[in-house]
Amino acid sequence: MDCVFCRIVKGEEPAYVVYEDNDVIAILDKYPINRGGHTLVMPKRHYRDITEAPGDELCRVINVTKLIAMAMIKALGTPGVRIIQNNGADAGQVIFHIHFHVIPMTGRMTGRHYLTEEEGREVSMALSRAIKELLNDVG
């Protein structure tokens, strides 16, 4: 099995990591739908799709998904957030490692583009800062 997300988790592939703990990692999408923070949230352990993921790990991933959405609103001032999760090729899944897309929305999609180094650094730093602030507020 050759999985790009598993390689990112192992540190074998570069990625803009906005959040990471023992079980979950959140990275910027390399080809975001909209500018300004399209983030992928996934368990570190490999599961093909939602049907394979154990409930407890799925709960952890969705809690981090919520945290990322809140960070987008706080750090980027995005007025809306779209959360998408695809299962199977016919549903639009391209990488077969369960993940959630958290997409900042301003009322329209601008279309996929390549994530530039400047955008990656700027957005990942803003989201990471907001996540730390949100986590400090909670506990």
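What you're looking at is a predicted model, in which local features need pLDDT of at least 70, side-chain atom pairs count only at pLDDT 80 or more, and totals for chains, interfaces and linings use all residues. Residues are numbered from 1 along each chain as its sequence is written, and side-chain values use heavy atoms, with hydrogens and water left out.

**Overall fold**

The chain has 3 helices and 5 strands, taken as DSSP runs numbered from the N terminus (helices are H or I, at least four residues; strands are E, at least two). Reading from the N terminus, the order is α-β-β-β-α-β-β-α. A compact globule of 139 residues would have a radius of gyration near 14 Å, and the chain's 14 Å agrees; the radius is taken over C-alpha atoms, and the globule rule is 2.2 Å times the number of residues to the power 0.38. Along the principal axes, the C-alpha atoms fill a box of roughly 35 × 35 × 30 Å. Of the 139 residues, 45% are buried, where buried means under 20% relative accessible area, exposed over 50% and partly exposed in between (1.4 Å probe, protein chains only).

**Histidines and cysteines**

His-101 belongs to strand β5 (residues 100–105). Its side chain makes polar contacts with those of His-38, at 2.9 Å, and His-99, at 3.4 Å. A polar contact here is a pair of N or O atoms within 3.5 Å; within protein, one must be able to donate a hydrogen and the other to accept it, and residues adjacent in sequence count only if both atoms are side-chain atoms.

As for the cysteines, there are 0 disulfides in the structure, a disulfide being a pair of cysteine sulfur atoms within 2.5 Å. Cys-6 has its closest cysteine sulfur in Cys-3, 3.7 Å away, so the two are too far apart for a bond.

| Residue | Relative accessibility |
|---|---|
| Cys-3 | 6% |
| His-101 | 10% |
| Cys-6 | 12% |

**The largest pocket**

Among the 28 residues lining the largest pocket, Asp-29, Lys-30, Tyr-31, Leu-40 and Ile-95 lie nearest its centre. A pocket, on a 1 Å grid over the protein atoms alone, is an open set of points where a 1.4 Å probe fits, with protein on both sides within 12 Å along at least five of seven lines; lining residues have an atom within 4 Å of a point. Helix α1 (4–9), β2 (24–28) and β5 each supply at least two lining residues, with the largest share, 3 residues, coming from α1.
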